[in-house]
Amino acid sequence: MAVALVESMQELSLDVPETKEETMMVQFKIAGIGNFELELERDIAVRDVKKLAKEQCNIEPEHMRLIYKGRQLKEADNLECYDAKGDEPVQLFFTSGHVSMMGGVGGTGGGRRANVPPQ
């Protein structure tokens with residue numbers, strides 16, 4: 001009887017659930033400006049991704065549009081909603097209200113303006 005019990009237990013297989021990595025490296029591309037990477041949690045909200053990206057590119061979150069695999073990321077969603085794996089870069093676009101679009105200094109694309117002499 002004990003042998004039969006051991007044999008039947010050997011036939012049982014325990015399915016171990018797949019464990020997902022909690023963080024991933026995500027590359028961001030800003031057309032004409034450059035690239036940067038952030039290590040992000042998979043369940044982070046897009047609004048929080050924008051706040052972290054600001055530290056790298058100096059673009060205000062309200063002026064960012066993030067595109068992943070051709071889809072614009074929505075503020076309230078998290079990266080898991082888009083099946084983000086870090087395999088493709090997130091395209092970061094900034095809107096016309098950003099300082100570099102207005103010809104100001106600082107931020108991305110800033111620097112000295114052409115009609116202002118250097119000091």
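Strand β1 (residues 23-30) and strand β2 (residues 34-41) pair in the antiparallel sense over eight bridges, where strands are DSSP runs of E with at least two residues and helices are runs of H or I with at least four, numbered from the N terminus, and where two strands pair if DSSP finds at least two bridges between them. This is a predicted model, in which local features need pLDDT of at least 70 and side-chain atom pairs count only at pLDDT 80 or more, while totals for chains, interfaces and linings use all residues. Residues are numbered from 1 along each chain as its sequence is written, and side-chain values use heavy atoms, with hydrogens and water left out.

The two strands form a hairpin with three residues between them, and Gly32 in the turn has a positive phi of about 75°. In β1, the covered face carries Met24, Val26, Phe28 and Ile30, whereas Thr23, Met25, Gln27 and Lys29 belong to the uncovered one.

A search of the whole structure finds one aromatic pair, a term that applies to rings of Phe, Tyr and Trp (its six-membered ring) whose centres lie within 6.5 Å, with planes under 30 degrees apart counted as stacked, over 60 as edge-to-face and the rest as tilted. The rings of Phe28 and Phe36 have their centres 5.0 Å apart and their planes at 10°, so this pair is stacked. Phe28 is buried, with a relative accessible area of 1%, and Phe36 is buried as well, at 10%; buried means under 20% relative accessible area, exposed over 50%, and partly exposed in between, for a 1.4 Å probe and protein chains only.

Seen as a whole, five strands form an open sheet of mixed pairing in the order β2-β1-β5-β3-β4. Because β2 and β4 (71-72) stand at the edges, each with a single partner strand, one side of each is left without a neighbour in the sheet.

Arg65 has its place in strand β3 (residues 64-68), counts as partly exposed at 36% relative accessibility, and has Phe93 as its bridge partner in β5. β3 also pairs with β4 in the antiparallel sense over two bridges, and these strands form a hairpin with two residues between them, where Lys69 in the turn has a positive phi of about 50°.

Helix α2 (residues 46-57) lies across β1, β2, β3 and β5, running at about 135° to β2, an angle between N-to-C directions on a scale from 0 to 180 degrees, with axes fitted to C-alpha atoms, for helices over the stretch in contact (heavy atoms within 4.5 Å). The largest nonpolar core has 22 residues, of which Phe28, Phe36, Leu40, Leu66, Leu79 and Leu92 touch the most other members; such a core is a set of buried Ala, Val, Leu, Ile, Met, Phe, Trp, Tyr and Cys residues joined through side-chain atoms within 4.5 Å. β1, β2, α2, β3 and β5 each supply at least two residues of this core.
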